[in-house]
Amino acid sequence: MRATAALYVALVLTLFSCQRAQTRTVTHRRSNGQADQWVARTGPGEYQIEIDTNGDGQPDLIRTFRNNEMVEVQSDRNFNGKVDLVQQYSHGVLVREVHDDDFDGRPEMVKTFRPDGTLAIVERDPTERGAVDVREYYDNSGHLTRREVRGQQDRGASSH
Ligand SMILES: [Ca+2]
Ligand SMILES: [Ca+2]
């Protein structure tokens, strides 16, 4: 379960560079003629709308649609060309967020939400090694109810 989650995190954060290599169609241009929105077909019944919100010519907001329903939003919040926030939706409701809040290209936190929109679980990988070290459970009023720490590694222990 944990290994699967970690693998999934790695996959979603590498989608960006892979899918941008595919054929895109310009669907909007700025007043100066520079393209700032593209559509790319990424699979059967699936397409992506890529938007350049800051005018640097690179998409920084990518919305994925499957069967005409938005299922994922990838954001490059600091415009460095790397996705640093992935938000996944199910039937219009945000269900999961993958965060790279220090913008180094590696995620360190995953949030899972309940169907009613409240936060259920926070998984943390503070060392960004691609595995969940800490899992926090929240009740639907936002209180932490349980915290699991994996590994029990001492901070002072040497690592190679
Ligand atoms: Ca941009
Ligand atoms: Ca990071």
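**Figure 1. Val122 and the residues around Val122.** Val122 touches Met109, Lys111 and Glu136, leaving aside residues up to four places away in sequence. Touching here means contact: the C-beta atoms of two residues, placed from the backbone, lie within 7 Å. Val122 is found in strand 9. Helices (H or I, at least four residues) and strands (E, at least two) are DSSP runs, numbered from the N terminus. Val122 and Lys111 are 11 residues apart along the chain, and their C-alpha atoms are separated by 4.6 Å. A residue is buried if 20 or more other C-beta atoms lie within 10 Å of its own, exposed if 12 or fewer, and partly exposed in between, with C-beta atoms placed from the backbone.

**Figure 2. The model and its confidence.** This is a predicted model, in which local features need pLDDT of at least 70 and side-chain atom pairs count only at pLDDT 80 or more, while totals for chains, interfaces and linings use all residues. Residues are numbered from 1 along each chain as its sequence is written, and chains are lettered from A and ligands numbered from 1 in the order in which they are written. The mean pLDDT (the predictor's confidence in each residue, from 0 to 100) of the protein chain is 86, and 80% of its residues reach 70 or more. Over residues 14-19 the pLDDT is below 50, and this stretch has six contacts in the model beyond near neighbours in sequence. Where pLDDT is low, the predicted coordinates should not be read in detail.

**Figure 3. The sheet of 11 strands.** The protein chain holds one helix and 11 strands. From the N terminus, the elements run α-β-β-β-β-β-β-β-β-β-β-β. The strands form an open sheet in the order 1-2-3-4-5-6-7-8-9-10-11, with antiparallel pairing. Which strands stand at the edges? Strand 1 (25-29) and strand 11 (144-149) do; each has a single partner strand, so one side of each is left without a neighbour in the sheet. On average, neighbouring strands of this sheet are turned by 15° against each other, direction ignored. Of the 160 residues of the protein chain, 12% count as buried.

Figure 4. Strand 4 (residues 61-66) and strand 5 (residues 69-75) pair in the antiparallel sense over six bridges. Two strands pair if DSSP finds at least two bridges between them. Leu61 stands opposite Ser75 in strand 5. Arg63 stands opposite Val73. Two residues lie between the strands of this hairpin, and Asn67 in the turn has a positive phi of about 50°.

**Figure 5. From strand 5 to strand 6.** Strand 5 and strand 6 (residues 85-90) run antiparallel and are joined by four bridges. Which residue is the bridge partner of Glu72? In strand 6, that partner is Gln88.

**Figure 6. Asp133 in its loop.** Asp133 sits in the loop between strand 9 (119-124) and strand 10 (134-138). Asp133 counts as partly exposed, because it has 18 C-beta neighbours inside 10 Å. Asp133 and Glu123 are 10 residues apart in sequence; C-alpha to C-alpha, they are 7.5 Å apart in space.

Methods. Axes fitted to C-alpha atoms, helices over the stretch in contact; angles between N-to-C directions.
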